[in-house]
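Q: I have just opened my first structure and would like to learn how to read it. Could you walk me through some of its features?

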Amino acid sequence: MTEPLLRVENLQTHFASELGTIKAVDGVSFDIPRGGILGMVGESGSGKSVTGLSILRLLGSRNATIAGGRILFRGEDLLTKSEAEMRAIRGGSISMVFQNAMTSLDPFFRVGEQLVEVLRLHQGLSKKEAREKALNALELVRIPDPVAKLKSHPHQLSGGQRQRVVVALALACEPDLLIADEPTTALDATVQKQIIELLQEINQELGTAILMVTHDMGVVAHMCRTVAVMYAGRIVEHGDVADVLRTPQHPYTRGLMASVPRLRTEAAGEGHVRQRLYQIGGSAPLPLRLTDGCAFAPRCPEVGPECWEVDPPTVASGAGQEAVCHRRAEEKAELTGVAQHVGA
Amino acid sequence: MVGYLARRAGSMILVLLGVSVLVFLIMQLVPGDPVRTMLGPTATAESIAAVRADLGLDQPLVQQYVSYLGGLVQGDLNTSLTMAQPVAEIVFPKLGNTIILAAGALVICLVIGVPLGVLAATRQYSLFDRGAMFLSLAGASVPVYWAALVVISVFALELGWLPTSGMYDVREPGGLGDLLRHLVLPAATAAVVPTAVIARLTRSVMVEALQQDHIRMLRANGVPERQIVWKHALRNALPPIVNIVGLQVGYLLGGVIFIEVVFSWPGLGGQLYTSITSNDMPIIQAGVLFIALVFVVVNLIADIVVALLDPRTREAVG
């Protein structure tokens, strides 16, 4: 197997708080191959955004520290890079797009100026060359009338256009990896779809790998090849999108899938039955991790006594699909037991 | 732009009218008779009455005000009661000197206050930040006349570095160097409070500016921190800073009255002080009116600059 573009190994990102150390990211590992798209889903506070920010070392808060792990980008550990080296990587070979499309651009500078600034910074271009490349970047994100848009200020653009400009900024220097942190959250549904499709096209045309942080299962189904489900700072399940969405293994993933609203209600008999949307009881915990055991146990419909005390094991099921759950481990043990019995 | 300016000019005239009424009324309420002061203790009742009639002071108040205003519109500021000279001839050069002093102080405010606030904001909660904010709180609380006396005793009397007074007229020989030498101490003293206010405000708007989403976006694009702070964040924080600077100009013009008296600066403030003690009403009226005028004009300029700074409002005024 060739070396992945990005390999995150046992990443630990901690926040100091009055309550104690919050392990926002607690031993997260995943790979993104060149040109791959990994979806990272989870509720607010599950650590998915912090994972994205950790990769670029952009946590920004004095309370946040990356306490352990390795982030290997093209085989080099980003955690050992100097701040100057990181600056060259940010926007150069790894870019990030954030969720607030409306406020991600500096309102005081023209779109062209902002693009030129980043281009000159990373590629040492002359003003003229940078302006040409800025125009290319706007064309790449299919913004209408790109020449005029270079001279526009952000407030003259719609939300969708602004997010396109943000994507253009992120892609201007042709990075290998784009971290998209809920890039469609603040946008209208139709515009969301356009941005998602834009990201897909860019992935296909330029081969830019994407880490898609989202809480939208629809987005994951639409554009990702693999998906990692995060809960309370850990990845509880990951695998190919088709496998994870069709046959979710972890009780949390199952709950997530069950709580996706569906337009077609099963027509049972005459008339249609109004179904209440499934809801996972309780709320996501603060990842303080004071005790061992599964963080999802308090909300889990399949909880057993061991779930409260012992960290759950990782169970592989099918091609590359893995879940971290005592129940699944039990079932697998039973199955292999039966198989051995049958085989004997 | 034209409509905006016309509206602002209209409200400016209203403000100035209000100020003129207030000054006029306050002078009526102040104890002491200007004519008696003018003629001295030996004046007879007849001569006082004659002078009153001559100056129109025997007329009803409203009529006095109207005729004062009428003169004002034609550029006639009356004649000084104590110096037998047209008020304009006395007030204009003094106003010039005061503006020199205020401008000097303003330069100090901007050169020290803004960078101090920016640096404190980028090092939030550091020792530097806490030290700078403590100093600026202290600075903002210092009474100007007290600061002036301390400055004189330390820098002029003890150390003998700079003159305490002696700037009589800018147009006298001595040149710019001499003017600057005399300007340093009074301007620095006048700048203490506004510098502190500007530093504190700059810090708070910069802290806010640095938390904005597009700043995070710049960081994610590898833009160096210095460029983020001084180019982007400061640019975003500039409008409120310009506004507060405009207001501080008003404070400076008020504050220089004390400064001018203590440093014997030949400005409008010092002149107002002498005129108030001698009840020289036309000079007081003109002086206060001009301070108000400068204040209103400076703040109008500040508002226009703020509107032009922000591309979102630029179209509205431009």
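A: Gladly! Let's begin with a term we will need: a residue counts as buried if 20 or more other C-beta atoms lie within 10 Å of its own, exposed if 12 or fewer, and partly exposed in between. Keep in mind that this is a predicted model.

Q: Which residues are buried in helix α11 of chain B?

A: Helix α11 (residues 268–277) of chain B has B:L268, B:G269, B:G270, B:Q271, B:L272 and B:S275 as buried residues. The cover over these buried residues of α11(B) includes α5 (87–122), α10 (225–262) and α12 of chain B. After α11(B) comes B:N279, which has a positive phi, near 60°.

Q: How many helices and strands does chain B have?

A: To read a fold, start by listing its elements. Chain B has 13 helices and zero strands. The C-alpha trace of chain B spans about 85 × 55 × 35 Å along its principal axes. Of the 318 residues in chain B, buried residues make up 37%.

Q: How do I see which parts of the sequence the fold brings together?

A: In chain B, take the contacts between residues at least 6 apart in sequence: 72% of them join residues at least 24 apart. One pair to look at is B:S204 and B:G117, which are 87 residues apart in sequence, while their C-alpha atoms are 7.8 Å apart in space. You will find B:S204 in helix α8 (residues 175–210) of chain B. B:S204 counts as partly exposed because it has 16 C-beta neighbours inside 10 Å.

Q: Into which domains is chain B divided?

A: A chain can be read domain by domain. Here the division of chain B gives domain 1 (2–73) and domain 2 (87–317). Taken over C-alpha atoms, the centres of domain 1 of chain B and domain 2 of chain B are separated by 32 Å. Where the two meet, 13 residues from domain 1 of chain B and 13 residues from domain 2 of chain B take part in the contact.

Q: Which helices supply the side of domain 1 of chain B that touches domain 2 of chain B?

A: For any contact, ask which elements supply it and what kinds of residue they bring. On this side of domain 1 of chain B, α1 (2–29) and α2 (34–39) of chain B each supply at least two residues. The largest share, ten residues, comes from α1(B). By kind, the residues on this side of domain 1 of chain B are nine nonpolar, three polar and one charged.

Q: At roughly what angle do the axes of α1(B) and helix α12 of chain B cross?

A: For a helix pair, look at how close the axes come and at their crossing angle. The axes of α1(B) and helix α12 (residues 281–309) of chain B come within 10 Å and cross at roughly 155°. Angles over 145 degrees count as roughly antiparallel, so α1(B) is roughly antiparallel to α12(B). The crossing of these two helices, α1(B) and α12(B), is right-handed. Residues of α1(B) that meet α12(B) include B:L16, B:V19 and B:F24, and those on the α12(B) side include B:V288, B:L289 and B:V296. The contact of α1(B) with α12(B) divides into 15 nonpolar, two polar and one charged residues.

Q: Which residues have a positive phi although they are not glycine?

A: Two to look up are A:E182, with a phi of about 45°, and B:Y125, with a phi of about 70°. Now place each one. A:E182 lies in the loop between β7 (177–181) and α7 (189–206) of chain A, and B:Y125 in the loop between α5 and α6 (127–141) of chain B.

Q: Is A:E182 buried or exposed, and is B:Y125 buried or exposed?

A: Count the neighbours. A:E182 is buried because 20 other C-beta atoms lie within 10 Å. B:Y125 is exposed because it has 10 other C-beta atoms within 10 Å.

Q: How many residues do chain A and chain B give to their contact?

A: The contact takes 25 residues from chain A and 16 residues from chain B. On the side of chain A that touches chain B, α3(A) gives the most, with four residues. The residues on that side of chain A are twelve nonpolar, nine polar and four charged.

Conventions: Residues numbered from 1 in each chain as written. Chains lettered and ligands numbered in written order. Predicted model: local features only at pLDDT ≥ 70, side-chain atom pairs only at ≥ 80, totals over all residues. Domains from an automatic or database assignment. Contact = placed C-beta atoms within 7 Å. Nonpolar A, V, L, I, M, F, W, Y, C, P; charged D, E, K, R; others polar. Axes fitted to C-alpha atoms, helices over the stretch in contact; angles between N-to-C directions. Parallel < 35°, antiparallel > 145°, perpendicular 65-115°, else oblique. Left-handed = near helix turned anticlockwise from the far one by under 90°.
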